[in-house]
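Dear colleague,

Please find below the structure that I am handing over to you. My notes on what was found in it follow directly after.

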Amino acid sequence: MNFLLEILIDMERWKWEEWAPLTLNTSLKFCSYNGSSCCNSTQDSQLQKQFQAMNISDPTCASLLQSVLCAKCDPFSAKLFTIDSVPRPVPLLCNSTVSTNSSQSKQATIDFCSQVWDTCKSVSILNSPFVPSLQGQSGAPVNSNFTKLTEVWQSKSDFCNAFGGASTDGSVCYDGEPISLNETGTPSPPHGLCLEKIGNGSYLDMVAHPDGSNRAFFSNQQGKIWLGTIPAMGSGGTLELDESNPFIDLTDEVHFDTAFGMMGIAFHPKFAQNGRFFASFNCDKGKSPACTGRCSCNSDVNCDPSKLGTDNGAQPCQYQSVVAEYTVNGSASQPSLAKNAKPTEVRRIFTMGLPFTSQHGGQILFGPTDGYLYFMMGDGGGDADPYNFAQNKKSVLGKIMRLDVDNIPSAADINKLGLWGNYSVPKDNPYSEDGELLPEIWALGLRNPWRCSFDSERPSYFMCGDVGEDLYEEVDIISKGGNYGWRVYEGPYPFSAPSSPGGNTSANSISPIFPVMGYNHSEVNKKIGSASIIGGYFYRSQTDPCMYGRYLYADLYSGAIWAASENPENSGNFSSSTISFACAKDTPIQCSSVPESALPALGYIFSFGQDNSKDIYLLASSGVYRVVPPSRCNYSCSKENGTSSVETPSPTSSPPSYASRSSPVILLSTLLLLLLLFLLC
């Protein structure tokens with residue numbers, strides 16, 4: 001104890017020049033830190049002024065540089081901003097190009113440095129912190145305070161040689177998120193997503209069996225649904241699914257093409273008792289007698305289908321969106337025991353003709369608390385939603401609908417009310433507060449919502465990925481009556497449509513809700529020049545405790561995966577970055593690799609899935625992948641201990657508290673931890 005007391009006395013003598021550790025009573029306004037931080041509100045304000053003075057025009061670059069500046073507030077800022085006792089103008093940016101013998105090689109290797117370069121290289125920055133001020137680095141002479149990275153650094157390699165690196169015993173690299181502590185009081189470096197391949201099939205949707213078992217339903221775009229058994233975690237088993245024996249085959253009803261097919265499936269919350277389930281698909285009215293829905297281009301929305309012309313050879317409203325109900329009743333003594341269902345509709349819930357041949361969404365899912373069916377509908381396609389359907393309150397295109405499928409009106413009432421099928425409208429839908437809205441509408445201003453989910457721990461967090469036009473892919477938190485901006489905005493950017501036969505909506509006439517996360521097309525797939533977001537899930541499994549509470553999403557074309565953390569919790573303020581991923585060496589089915597890369601070749605990522613244990617799956621063109629413990633890919637996770645008593649961390653990890661422990665040994669550990677925090681700042 002004498003040694004510790006001497007250190008504590010020396011701490012009192014330390015003369016701090018700038019940043020000192022403190023416990024925040026409230027969250028900082030500019031920098032997303034709460035709890036322990038090396039900034040107070042005054043220093044937070046100083047960083048905000050520095051950021052504003054940089055005058056960064058590109059919002060994505062601005063977001064990255066804000067996080068870089070705010071790293072000064074991290075409890076481990078001393079390790080972030082100091083290498084070999086030499087202070088740095090910016091934190092050490094995580095760089096995946098570290099050598100294989102570095103301490104980072106068996107941990108996560110997030111390439112945040114490349115992300116900063118790729119996003120900001122052509123953006124003018126006033127008084128840039130990335131001028132070549134590090135001794136020995138080969139930047140070009142700077143003649144102006146207003147610079148682009150490409151004007152002072154010859155290449156990404158030079159830039160990341162100067163500002164990038166990996167975590168070591170003497171330093172910590174920064175990946176865009178706050179550094180967390182492990183149980184020993186040392187920083188936990190960022191880690192990656194470890195996957196195992198359990199199936200070779202290609203599926204578009206996955207729904208956990210409502211009976212709570214280890215079974216799940218898988219559907220493909222052609223129109224088949226299978227019932228599969230998921231192997232226990234760590235068993236080495238594969239997905240038990242008989243492709244030759246589908247649960248139900250609807251291919252005779254489904255019109256399948258590149259943009260058409262079976263888009264989603266949903267099972268009634270009381271499926272184990274009533275055996276009801278639903279399918280969302282497209283039909284061709286030229287081939288299916290039941291494909292007779294009203295055209296979405298009609299006089300109610302000032303649209304004349306005779307003036308639309310053909311689209312990819314199809315007549316207006318030739319293809320239609322359908323939601324149909326089916327049952328397993330009669331096929332087994334109990335619905336949960338059913339292994340097959342008859343392909344005979346119980347009733348048609350919804351049928352509507354589509355004006356064009358793209359952007360028609362189609363996912364369906366039941367709300368976890370209200371039991372209503374949510375139906376995600378795109379804007380109907382065309383070049384930039386020419387008829388402005390997404391903002392038209394009398395159109396269901398570009399909307400999320402909320403339907404009651406338990407209380408079915410009579411045919412006369414359905415006709416009188418002008419409904420699209422056999423459903424009723426929940427009385428608390430937004431139309432009760434906004435008389436201009438169609439009763440079915442829950443939210444509007446979406447372009448093409450693709451994969452939405454409710455957070456299993458916070459059902460109010462209804463997350464939707466929304467596919468962009470040419471610039472931005474976004475994730476939104478969907479709320480009652482929310483307007484998500486399209487086509488007044490594309491993500492956070494004002495949008496101007498090339499043609500507007502259906503009229504425009506002024507920005508001043510709406511109160512748009514902007515995305516909580518997303519990415520520019522320029523950030524991914526520069527060769528293909530295309531991007532399409534795949535919405536995912538909040539990770540709520542204990543399989544990877546370091547991923548717990550993060551929202552996972554992906555891109556169809558690039559194969560990139562993002563993880564987003566919310567800080568403070570329940571604030572709606574997210575920071576996200578791409579994460580590394582790898583296949584476990586002991587994966588039950590061998591993963592193929594991307595040529596000249598260690599990355600697994602997933603192909604196209606179509607969807608995410610979640611089972612009854614809250615484990616997360618990737619449904620890709622190359623097969624079915626499950627997230628497994630990070631240690632199986634040699635990723636470091638300080639919270640992974642192989643037991644069921646893992647402490648549930650908040651979505652953004654923070655230093656653990658030892659205040660409630662009272663033994664002498666723990667008290668000494670507490671003092672040492674406080675000492676560490678104090679010295680590191």
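Predicted model: local features only at pLDDT ≥ 70, side-chain atom pairs only at ≥ 80, totals over all residues.

The nonpolar cores come next. The largest of them has 44 residues, of which Leu193, Met463, Met517, Leu552, Tyr553 and Phe574 touch the most other members. Leaving aside residues up to four places away in sequence, Phe574 is in contact with Tyr461, Met463, Ile477, Val516, Met517, Phe538, Ala564, Ser565 and Glu566. Another core, of 41 residues, lies apart from the largest one; Cys70, Leu93, Phe130 and Leu149 are among its members.

Finally, there is a sheet to describe. Four strands form an open sheet in the order β12-β13-β14-β15, and their pairing is antiparallel. The edges are taken by β12 (205–208) and β15 (248–249); each has a single partner strand, so one side of each is left without a neighbour in the sheet. The partner of β12 is β13 (residues 215–219), to which β12 is joined by 4 bridges, with the two strands running antiparallel. Within this pair, Val207 has Phe217 of β13 as its bridge partner.

With kind regards

Terms used
Residues numbered from 1 in each chain as written. Heavy atoms only, no water. Core = buried A, V, L, I, M, F, W, Y, C linked by side-chain atoms within 4.5 Å. Buried < 20%, exposed > 50% of the residue type's maximum accessible area, 1.4 Å probe, protein only. Contact = heavy atoms within 4.5 Å. Pairing = 2+ DSSP bridges.
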